[in-house]
Amino acid sequence: MADETAAPLLHSTTLTADDASPRRNRFAFVCATLASMTTILMGYNLALMSGAQLFIRQDLGLSDVQIEVLTGSMNLFMLVSILAAGWVADLLGRRGTLVLANAFLMAGALAMSAGGSYAALVAARFVTSVGVGFARVVAPVYNAEISPASTRGVLSSLLDMFINVGILLSYVSNYAFAGLPVHIGWRVMFAVGALPPVFLAAGVLAMPESPRWLMMRGRYEDARTVLVRTSDTLAEADLRLQEIKQAVEAPRAAGSSGAGDGDGFAVWKEMLLRPTKSVRRILVCVIGVLFFQQASGIDAIVLYSPLVFQKSGMSSNSAILGATIAVGVVKTCFILVATLFSDRVGRRPLLLASAACSAVTLTCLGLTLCVGDTSTVSTAACVASVLAFVAAFSVGFGPLAPAYSSEIIPLRLRAQGTSLGTAVNRVTCALVTMTFISLADWITMPGCFFLYAGVAAAAFVFVYLQLPETSGRSLEDMDVLFAAK
């Protein structure tokens with residue numbers, strides 16, 4: 001029975017002792033890439049509203065409040081699938097849940113492109129949000145579980161890189177279809193996102209299941225096969241196998257059903273009602289780093305940069321949408337910095353640098369918007385400040401917050417713990433995106449960015465005081481690391 005559900009990629013490979021070499025990471029890279037690519041559609045659907053809202057507002061006559069709700073509501077809607085994702089991922093497996101996510105993403109894109117009223121668009125955003133929530137939780141879990149310790153930082157960072165590829169593609173889509181008739185252009189923007197999930201689902205089915213999920217199901221031989229293909233050496237694969245086996249059997253030996261046995265309530269009870277010292281500290285770090293990632297206002301830029309550029313003095317839709325493409329390009333390029341250096345420099349230094357530079361650049365952005373009479377210089381300074389902020393954010397908090405949180409949660413709690421942290425992240429994002437226009441009317445747009453700068457400064461203090469370095473450590477060693485302090 002196990003052979004029937006093994007991944008096709010595994011069937012094509014004969015494993016020998018001679019294969020135990022560092023090129024093993026190439027296979028892990030392929031697996032992590034396929035899982036991460038699912039989140040392209042997350043970035044695309046979330047950010048597409050930044051430009052599409054200009055045309056939807058004109059076509060359907062929506063108010064500012066309706067635009068705020070339509071733009072930011074996905075972050076609340078996806079709580080349904082985010083909170084269920086841990087249970088679904090333990091039940092269906094990481095791979096099966098990612099396939100399910102792609103099905104919802106395709107259905108949501110089609111429904112959005114066909115929507116003819118505000119209510120229909122909100123319903124379509126809900127369908128899309130279910131797929132986004134599943135992908136947002138399960139992809140980082142899979143990447144953390146498939147990766148060897150030597151390259152886990154790089155492979156986990158792929159997730160945010162592909163989210164930003166999706167964001168960049170949405171900006172390009174906004175620009176490319178802006179010239180179509182108003183009632184057609186924004187529909188084409190969303191319809192373009194309906195086809196990729198089909199190919200992504202096929203790619204996900206070609207990758208192996210997580211070795212840790214296989215171990216939770218008692219499929220030791222299948223798990224070892226995957227570990228041999230995703231470890232640097234055979235010795236490392238056997239060591240990882242033993243560590244995972246101990247992590248799986250420990251709660252059972254202690255009389256707890258543990259994750260993977262179908263008792264999700266026991267997992268939530270261990271996390272929230274009777275956490276150990278190390279689990280309590282891990283949850284503080286997970287919730288804190290994911291809260292600060294969004295509370296610093298990144299999605300105010302991602303989703304409302306056209307409004308920011310209008311405030312700075314830009315008046316042409318073409319120029320505004322072109323500037324948003326520059327934001328997407330810079331954001332994606334600087335994520336590569338984090339991807340390349342997270343294992344060499346470490347997670348903690350990059351997070352600290354990201355938080356500090358974000359505070360400085362957000363302050364600069366607020367100052368550029370305080371200019372009474374706008375000019376070419378003030379507009380250029382605003383655009384430069386926005387680009388500097390997304391660069392600062394992308395070298396640390398962007399890719400490393402989800403990567404760090406997914407790797408420090410113990411195996412028995414990982415799926416549900418990631419769900420909890422992601423839920424906090426999305427609620428925070430919803431508060432930012434669904435209040436930005438109203439908050440700007442209340443405390444002014446510069447005031448918004450001064451507020452976000454203060455949050456980024458607080459994030460620096462939090463990382464400095466709470467987050468230990470995790471690079472180079474195995475996932476099963478995190479309990480020891482967090483119990484030490």
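**Aromatic rings and the core**

The charged end of Arg229 lies over the ring of Phe27, at 4.8 Å from the ring centre. A charge is said to sit over a ring if NZ of Lys or CZ of Arg is within 6 Å of the ring centre and within 35 degrees of the ring normal. Likewise, Lys245 has its charged end over the ring of Tyr220, 5.3 Å from the centre.

Before I continue, please note that this is a predicted model, in which local features need pLDDT of at least 70 and side-chain atom pairs count only at pLDDT 80 or more, while totals for chains, interfaces and linings use all residues. Residues are numbered from 1 along each chain as its sequence is written, and side-chain values use heavy atoms, with hydrogens and water left out.

As to the overall picture, the protein chain has 26 helices and 0 strands. These are DSSP runs, numbered from the N terminus: H or I over at least four residues for helices, E over at least two for strands. Of its 485 residues, 59% count as buried. Buried means under 20% relative accessible area, exposed means over 50%, and partly exposed lies in between, with a 1.4 Å probe and protein chains only.

How many aromatic pairs does the structure hold? There are 9 aromatic pairs. Rings of Phe, Tyr and Trp (its six-membered ring) pair if their centres lie within 6.5 Å; planes under 30 degrees apart count as stacked, over 60 as edge-to-face, and the rest as tilted. One of the pairs, Phe389 with Phe393, is tilted, at 6.2 Å centre to centre and 50° between the planes. Because these two residues are 4 residues apart in helix α21 (residues 376–394), about one helical turn separates Phe389 from Phe393. Phe389 is buried at 0% relative accessibility, and Phe393 is buried at 4%.

Phe449 and Tyr452 have ring centres 5.9 Å apart and planes at 75°, so this pair is edge-to-face. Both residues belong to helix α25 (residues 445–466), 3 residues apart, about one turn of the helix. Phe449 and Tyr452 are both buried, and together with Tyr304 and Phe436 they form one aromatic cluster.

Leaving aside residues up to four places away in sequence, Val308 touches several residues, among them Leu365, Phe436 and Phe449, where contact means heavy atoms within 4.5 Å.

Finally, the cysteines. The structure holds 0 disulfides, a disulfide being a pair of cysteine sulfur atoms within 2.5 Å. Cys357 is partly exposed, with a relative accessible area of 41%, whereas Cys448 is buried at 0%.
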